[in-house]
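Here is a friendly walk through one protein model, from its overall fold to its helix contacts, its aromatic rings and its pocket. Have a look at the structure first, and then read on.

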Amino acid sequence: MTNARCRILDGALELLRAEGGGSITLDATAKQVGLTKPGLMYHFPTKEALMLGVVDHVAERWEALLQEHLGQPFETASPYQRIRAYVEVALTERFDRADFSIFSDALYRGALTDTWTRRLGPWLALPDDLPAADRGRLTAARLLADGYWTVATTGVFPVEERDRAELMAVADELLKEGITP
């Protein structure tokens, strides 16, 4: 990705971080990053193109964090290791309302949902032959992470910082391989 594109996408995210919340428009984004609207439109010709770029930018960050936490090639990782990386990212990395806004906006736009599914779907996919009890434990760990991430990014009913390590300990119990009865 070019420096200009990255600067534009980061600037669009900054609009969402503004006090009281902002919205991503071509005009506002151009102003935020010091470009003319035609200058911005050279990189993102429509608002939809800009929104797709922002979602892909945020999802790419998630992928990089997941890979970093995984610490091995994706192809060699077990479902337990992939879900553990996901849980660690959600519980230990810093996210904010801009991340939540971009994620939740996908609910209303199929093209944005497709980006999230393409980027994060493989990390969350569970093999069909995984025993039901293991599927349940891995899904519970993922949902624990999703819940924590949601309250951390929105600030609604936040979890005390001191409880984060205990949440990870609960997730660790759920993520132990080979304990299916």
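## Overall fold

The protein chain has nine helices and zero strands, where helices (H or I, at least four residues) and strands (E, at least two) are DSSP runs numbered from the N terminus. From that end on, the order of elements reads α-α-α-α-α-α-α-α-α. The C-alpha trace spans about 60 × 35 × 30 Å along its principal axes.

This is a predicted model, in which local features need pLDDT of at least 70, side-chain atom pairs count only at pLDDT 80 or more, and totals for chains, interfaces and linings use all residues. Residues are numbered from 1 along each chain as its sequence is written, and side-chain values use heavy atoms, with hydrogens and water left out.

Helix 1 (residues 3–17) and helix 2 (residues 26–33) cross at roughly 110°, and their axes come within 9 Å; axes are lines fitted to C-alpha atoms, for helices over the stretch in contact, and angles run from 0 to 180 degrees between N-to-C directions. The two helices are therefore roughly perpendicular to each other (under 35 degrees counts as roughly parallel, over 145 as roughly antiparallel, 65 to 115 as roughly perpendicular and the rest as oblique). In contact terms (heavy atoms within 4.5 Å), Arg7, Ile8, Gly11, Ala12, Glu14 and Leu15 of helix 1 meet Ala28, Thr29, Gln32 and Val33 of helix 2. That contact has five nonpolar, three polar and two charged residues; Ala, Val, Leu, Ile, Met, Phe, Trp, Tyr, Cys and Pro count as nonpolar, Asp, Glu, Lys and Arg as charged, and the others, Gly among them, as polar.

Helix 5 (residues 79–92) packs with helix 7 at an angle of about 120°, with the axes 8 Å apart, and the two are therefore oblique to each other. Here Arg82, Ile83, Ala85 and Tyr86 in helix 5 meet Pro122, Trp123 and Leu124 in helix 7. By class, this contact divides into six nonpolar, no polar and one charged.

## Aromatic pairs

There are eight aromatic pairs, counted when rings of Phe, Tyr and Trp (its six-membered ring) have centres within 6.5 Å; planes under 30 degrees apart are stacked, over 60 edge-to-face and the rest tilted. Phe103 and Trp116 form an edge-to-face pair, 5.2 Å centre to centre with 70° between the planes. Phe103 lies in helix 6 and Trp116 in helix 7, so this pair ties together parts that are 13 residues apart in sequence.

## The largest pocket

The largest pocket holds about 240 Å³ of space. A pocket is an open set of points on a 1 Å grid over the protein atoms alone where a 1.4 Å probe fits, with protein on both sides within 12 Å along at least five of seven lines; lining residues have an atom within 4 Å of a point. Of its 13 lining residues, the closest to the centre are Tyr86, Phe103, Leu120, Leu124 and Asp146.

Helix 7 gives the largest share of the lining, five residues. The lining divides into eight nonpolar, three polar and two charged residues.

Terms used. Points joined across faces, edges and corners; volume = space filled by probe spheres on them.
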